[in-house]
Amino acid sequence: QVQLEESGGGLVETGGSLRLSCVASGRISSITDMGWYRQAPGHSRDLVAAAHSSGRTDYADSVKGRFTISRDTARNTVYLQMNGLKPEDTAVYYCNAHGVRTPGLWQNELWGQGTQVTVSS
């Protein structure tokens, strides 16, 4: 069974940086896309950044120029470098894997448990 495990969240001051990591474990043959979503209290879970198997990356407008997503395909790992953090970035950040192939099984979407990021003003 494939699991996603996030790390790297925490408390940081405005303007600070954090790096999130997410490792997919299990007998993985391939993962199409990996990315990060976030959900603040009372809000929907929204895409922050995605790294596609094609090499293309996508970002929410609110984080462009501040966040960078990178992916290590061989290690089934995705990172999110967050610089210039703002209080409005405060949320639970979830790792997402889309199109996960294991021997005999294809799973459309998997989610991690989430990691809290809090930016103080």
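This is a predicted model. Start with His 52. Beyond its neighbours within four places in sequence, His 52 is in contact with Thr 32, Asp 33, Thr 57, Asp 58 and Arg 71. Two of these contacts can be described atom by atom. The side chain of His 52 makes a polar contact of 2.6 Å with the side chain of Asp 58. A second polar contact, of 3.0 Å, joins the side chains of His 52 and Asp 33. His 52 belongs to strand 5, residues 46–52. Its relative accessible area is 18%. The cut-off for buried is under 20%, so His 52 counts as buried.

The largest nonpolar core has 30 residues. Which of them touch the most other members? They are Trp 36, Val 48, Phe 67, Leu 80, Met 82 and Tyr 93. Strand 3 (18–25), strand 4 (30–39), strand 5, strand 7 (67–72), strand 8, strand 9 and strand 11 (115–120) each supply at least two residues. Strand 9 gives the most, with five residues.

Take Val 48 as a way into the packing. Leaving aside residues within four places in sequence, Val 48 is in contact with Trp 36, Phe 67, Leu 80 and Tyr 93, among others. Its contacts also include Tyr 37, Arg 38, Asp 58, Tyr 59, Ala 60 and Val 63.

Arg 38 leads on to Asp 89. The side chains of Asp 89 and Arg 38 make a polar contact of 2.9 Å. Where does Asp 89 lie? It is found in the loop between strand 8 (77–82) and strand 9 (91–102). Asp 89 is buried, because its relative accessible area is 1%. Its contacts, leaving aside neighbours within four places in sequence, are Arg 38, Arg 66, Phe 67, Gly 84, Val 117 and Val 119.

Finish at Leu 110, in strand 10 (residues 105–111). Is Leu 110 buried or exposed? At 13% relative accessibility, Leu 110 counts as buried. Not counting residues up to four places away in sequence, Leu 110 touches Val 2, Leu 4, Cys 95, Asn 96, Ala 97 and Val 100. Gly 10 lies 100 residues from Leu 110 along the chain, and their C-alpha atoms are separated by 23 Å.

Conventions. Residues numbered from 1 in each chain as written. Predicted model: local features only at pLDDT ≥ 70, side-chain atom pairs only at ≥ 80, totals over all residues. Heavy atoms only, no water. Helix = DSSP H or I, 4+ residues; strand = E, 2+ residues; numbered from the N terminus. Buried < 20%, exposed > 50% of the residue type's maximum accessible area, 1.4 Å probe, protein only. Polar contact = N/O pair within 3.5 Å; in protein donor to acceptor, adjacent residues only side chain to side chain. Contact = heavy atoms within 4.5 Å. Core = buried A, V, L, I, M, F, W, Y, C linked by side-chain atoms within 4.5 Å.
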